[in-house]
Amino acid sequence: PSVCLAKGLAGKQLPQLVCIDPFDASGDAASAGDYAGRAQRAGPLQAAFEQNLAAAGVREIVAVRRGFSHEHAAGFRDPIDLLFLDGDHEFAAVQRDYRDWAGKVQQGGYLAMHDVVHPVHDGPRRVVEELVRRDPAWVDHRYVDSLFVARRAA
């Protein structure tokens, strides 16, 4: 998704995509084995990620931040046009990501959450149902495959 998002930003005035990841193959219990296998095949994950960005011609517009999103939230001051949440899928982790970051989305900006419709992960779905859809600040709710998208009201 990062390459696609960055490609969409290419050519814009002062484009920047910020990607936060621990790059340690950690994750929720249901995904841990898959992530560990990917790490074995790809080698150091951050280097592989940055090489993919470079190969796609978008490395210069992507700010890569190593760590967990909650470690970066308090110090992040820039307004967000599009917040894409796709991290640990456990309910508590998704809820924390949402609470840490959603308030930084500017009016008219978008929230996108991955794996909201998923046979194994219920954390993203619960956050959407229990928090996002009940909050009048988020309008124009849509589902696109497993993705949920909403716009911050003006």
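**Surface, fold and cores**

Tutor: The protein exposes about 8900 Å², and carbon and sulfur atoms supply 50% of that; accessible areas come from the Shrake-Rupley method with a 1.4 Å probe, and for residues only the protein chains shown count as cover. This is a predicted model, where local features need pLDDT of at least 70, side-chain atom pairs count only at pLDDT 80 or more, and totals for chains, interfaces and linings use all residues. Residues are numbered from 1 along each chain as its sequence is written, and side-chain values use heavy atoms, with hydrogens and water left out.

Student: What does the protein average for pLDDT?

Tutor: It averages 91, and 89% of the residues score at least 70. pLDDT is the predictor's confidence in each residue, from 0 to 100.

Student: And which element has the lowest mean?

Tutor: Helix H2 (residues 32-42), at 63, while strand S6 (residues 147-152) has the highest, 98. Helices (H or I, at least four residues) and strands (E, at least two) are DSSP runs, numbered from the N terminus. Where pLDDT is low, the predicted coordinates should not be read in detail.

Student: OK, what pattern does the protein follow along the sequence?

Tutor: α-β-α-α-β-α-β-α-β-α-β-β, with six helices and six strands.

Student: Now the inside. Which residues of the largest nonpolar core touch the most other members?

Tutor: Of its 21 residues, those are Leu83, Tyr98, Leu111, Met113, Val127, Val132 and Trp138. Strand S3 (80-85), helix H5 (91-101), strand S4 (105-113), helix H6 (123-132) and S6 each supply at least two residues of this core. By nonpolar core I mean a set of buried Ala, Val, Leu, Ile, Met, Phe, Trp, Tyr and Cys residues joined through side-chain atoms within 4.5 Å. Apart from it lies another core, of eleven residues, among them Phe49, Leu53, Ala56 and Val62.

Student: Which residues of helix H3 are buried?

Tutor: In H3 (residues 45-55), Ala48, Phe49 and Leu53. They cover an arc of only 140 degrees around the axis, so they sit on the same side of H3; the arc is that of the directions from the helix axis to the C-beta atoms. On the other side, Gln51 and Ala55 are exposed. Buried means under 20% relative accessible area, exposed over 50%, partly exposed in between (1.4 Å probe, protein chains only).

Student: How many disulfides turn up?

Tutor: Zero in the whole structure, taking a disulfide as a pair of cysteine sulfur atoms within 2.5 Å.

Student: Is Cys19 buried or exposed?

Tutor: Cys19 is buried, at 9% relative accessibility, whereas Cys4 is exposed, at 61%.
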